[in-house]
Amino acid sequence: MNVETCFGIAFLVGLAVGIVLVIHGTIAKNRWGVNLHRVECPSCGVVMGPVRMPNSREQALWGGYTCPACRSELDKWGRRVARPA
């Protein structure tokens with residue numbers, strides 16, 4: 001087996017693992033998943049806008065919102081995120 005074939009196989013295996021992570025994350029609603037639905041704040045009921053403006057590095061990397069009304073931090077699924085003090 002030459003180097004190009006090994007690289008191609010490694011690339012396809014990595015791609016398959018990534019697809020499995022995204023599918024599992026969407027079903028389990030963890031940080032690897034994709035949420036295509038609108039998010040509502042659990043505290044005040046405000047619906048988040050369609051364009052997300054991250055306020056932290058974690059929100060930029062994994063998705064999430066800061067409620068404009070009550071300033072609650074939410075993950076991409078609309079669950080409140082507890083920040084350590």
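Analyst: Helices (H or I, at least four residues) and strands (E, at least two) are DSSP runs, numbered from the N terminus. With that in hand, Gln-59 sits in helix α2, residues 57-62. Before going on: this is a predicted model, where local features need pLDDT of at least 70, side-chain atom pairs count only at pLDDT 80 or more, and totals for chains, interfaces and linings use all residues. Residues are numbered from 1 along each chain as its sequence is written, and side-chain values use heavy atoms, with hydrogens and water left out.

Gln-59 counts as buried because its relative accessible area is 2% (buried means under 20%, exposed over 50%, partly exposed in between, with a 1.4 Å probe and protein chains only).

So what does its side chain reach? One partner is the side chain of Thr-66, a polar contact at 3.0 Å. Another is the backbone nitrogen of Asn-55, which lies 2.7 Å from a polar atom of the Gln-59 side chain. (A polar contact is a pair of N or O atoms within 3.5 Å; within protein, one must be able to donate a hydrogen and the other to accept it, and residues adjacent in sequence count only if both atoms are side-chain atoms.)

Now for the wider surroundings. Skipping neighbours within four places in sequence, Gln-59 is in contact (heavy atoms within 4.5 Å) with Arg-52, Met-53, Pro-54, Gly-64, Tyr-65, Thr-66 and Glu-73.

Asp-75, in the segment after β2 (73-74), touches Gly-64 and Tyr-65 too, among others. Asp-75 is also buried, at 17%, and its side chain reaches the backbone nitrogen of Arg-79 at 2.7 Å.
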